[in-house]
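These are my notebook entries on one protein structure. I set down what I looked up, in the order in which I looked.

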Amino acid sequence: IADGKGLQRQSAVLIDVVNHGRPELAAIDLSRTVGWFGVGCPLPLTLSDAPLATQLLSIKSQIDAVPHQGLSLGWLKTEHSSDALKEILSRIPAAAVSLNYIGQIDQVLTSGSITAAEESIQALRGPHNDRMYQHDIVAYIQNGQISLNWSFSKGQYHAATIQALLD
């Protein structure tokens, strides 16, 4: 997306992919820990003019190719790295897009232990807080259909531009 007035096709885009889970890490014993890891990892995606189904499979394979679901990058950015490596990692540009694929929520909702809230979701960001991303996408599958919750900067993009992208 080039600006709020029109669309610009690109062959690559940098996004932050949020991964969830507990990947197997050979060097770290996680047996005495609980919970899930949620980690954002910048990922340069290569795009094409192929049919949508083909593009989605390509994107999935690019995401799956990230070692340790991106956990190693977060670890490298901490105090465990040399100053030279931290300097190199600091040069990674900020992504304009965040993609958080939650998964197939039917499996969780039909288990009986968790149910969807009846209340509507209120603002996830305070009105005076800056956006972290120009585009924040949360995707999930429910009842066999993919759903996208797409939020964007209304000061930077027209709703019609985003709708044209989705169409």
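I counted five helices and five strands in the protein chain; helices (H or I, at least four residues) and strands (E, at least two) are DSSP runs, numbered from the N terminus. I then read the order of the elements from the N terminus on, which is β-β-α-α-α-β-α-β-β-α.

I noted the source: this is a predicted model, in which local features need pLDDT of at least 70 and side-chain atom pairs count only at pLDDT 80 or more, while totals for chains, interfaces and linings use all residues. Residues are numbered from 1 along each chain as its sequence is written, and side-chain values use heavy atoms, with hydrogens and water left out.

**Entry: burial and surface.** I found that 24% of the 167 residues of the protein chain count as buried. Buried means under 20% relative accessible area, exposed over 50%, and partly exposed in between (1.4 Å probe, protein chains only). The chain exposes about 12,300 Å², of which carbon and sulfur atoms supply 56%; such areas come from the Shrake-Rupley method with a 1.4 Å probe, and for residues only the protein chains shown count as cover.

**Entry: the core.** Of its 14 residues, I15, V17, L43, L45, I63 and L99 touch the most other members. At least two residues each come from β1 (12-21), β2 (37-46), α1 (52-64), β3 (97-104) and β4 (135-142), and β2 gives the most, with three. I then listed the contacts (heavy atoms within 4.5 Å) of L99: leaving aside neighbours within four places in sequence, L99 meets I15, D16, V17, V18, I63, I137 and A139.

**Entry: salt bridges.** How many salt bridges does the structure hold? I found two, a salt bridge being a side-chain nitrogen of Lys or Arg within 4 Å of a carboxyl oxygen of Asp or Glu. One joins the side chains of K60 and D64 at 2.6 Å, N to O. K60 and D64 are four residues apart in helix α1, so about one helical turn separates them. K60 is partly exposed, at 48% relative accessibility. I also recorded a salt bridge between E87 and R91, with the closest N and O atoms 3.3 Å apart. E87 is partly exposed at 41%, whereas R91 is exposed at 57%.

Terms used:
Core = buried A, V, L, I, M, F, W, Y, C linked by side-chain atoms within 4.5 Å.
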